[in-house]
Amino acid sequence: MPDPQENQVMTLEEWESMWQRGMTGFHQPTVYRLLQINIDKVLAGRTGVKFFFPLCGKAVDMKWLADMGHTVVGVEISEKAICEFFEESKMSYSEEPVPTIPGAKVFRNAEKTVSLYQCDIYCFSSSLEGQFGAIWDRGAFVAINPKDRPKYAALMVSLMAPDCRFLLDTMLYNPERYSGPPFCVPNEQVHSLFESYCDIEPLQEEDALTEDFKNWGMDYLIEKIHLLVCKS
């Protein structure tokens, strides 16, 4: 059965425009509850973990983790989102160009515990910050264009250190009733893209249908948390 969302496309310019116009209902003003519930599974007793946040926006989860003694690297196309993160977190910050990515910038707080790259995520690589001990994807895999998922999965795998623990948040709903984003990600696709490289453990799933989503035409919405670890 063909995927009705397969050919959906959001350009980088459209995402930047959403930030400029304040159309950011996906931003959560508090630390994401499903991250808090599952953080011990991600840390697995480790301290000083280096976290990667794909399409990070201005997620307050980044400050929460930095305050716990971890370091955070994020990638985001919107400079407005990045500057608002530092300002709202009351962090002084600097910015500098990224020599290997034309037009890209990296913003860092004074302590260098948070580094946010303003660029296309597919221009980012382990050559910039090495590999990571953890990845938290709350809104990236469901936001990227569905046709780009194999490319995105390959990038995430390339960023995983051998001990990396990757927490992935996906959404399941009837794609005939809503065109996205956020896009529907079937469990089978998580497995087809990652299971060659990772063991995949379903951690949690819950009903996430709110009035807003009902108004978009959805009749059900399941949010699912997966834990991916590199195969030994």
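This is a predicted model: local features need pLDDT of at least 70, side-chain atom pairs count only at pLDDT 80 or more; totals for chains, interfaces and linings use all residues.
Residues are numbered from 1 along each chain as its sequence is written, and side-chain values use heavy atoms, with hydrogens and water left out.

Helix α6 (residues 149-159) and helix α7 (residues 187-194) pack with their axes 10 Å apart and at an angle of about 55°, helices being DSSP runs of H or I of at least four residues and strands runs of E of at least two, numbered from the N terminus; axes are lines fitted to C-alpha atoms, for helices over the stretch in contact, and angles run from 0 to 180 degrees between N-to-C directions. The angle therefore makes α6 oblique to α7, a term left for values that are not under 35 degrees (roughly parallel), over 145 (roughly antiparallel) or 65 to 115 (roughly perpendicular). The contact (heavy atoms within 4.5 Å) involves R149, P150, A153, M156 and V157 of α6 together with Q189, L193 and F194 of α7. These residues comprise six nonpolar, one polar and one charged, where Ala, Val, Leu, Ile, Met, Phe, Trp, Tyr, Cys and Pro count as nonpolar, Asp, Glu, Lys and Arg as charged, and the others, Gly among them, as polar.

The lining of the second largest pocket consists of D3, Q5, E6, P146, K147, R149, P175, C184, P186 and Q189, and is divided into four nonpolar, two polar and four charged residues.

Turning to the backbone, most residues other than glycine have a negative phi, and most peptide bonds are trans. A cis peptide bond joins G180 and P181, with omega about -5°, and another joins P181 and P182, with omega about 0°. L55, in the loop between β1 (50-53) and α3 (61-67), has a positive phi near 45°.

Conventions: On a 1 Å grid over the protein atoms alone, a cavity is a set of points where a 1.4 Å probe fits but cannot get out, and a pocket is an open set with protein on both sides within 12 Å along at least five of seven lines; lining residues have an atom within 4 Å of a point.
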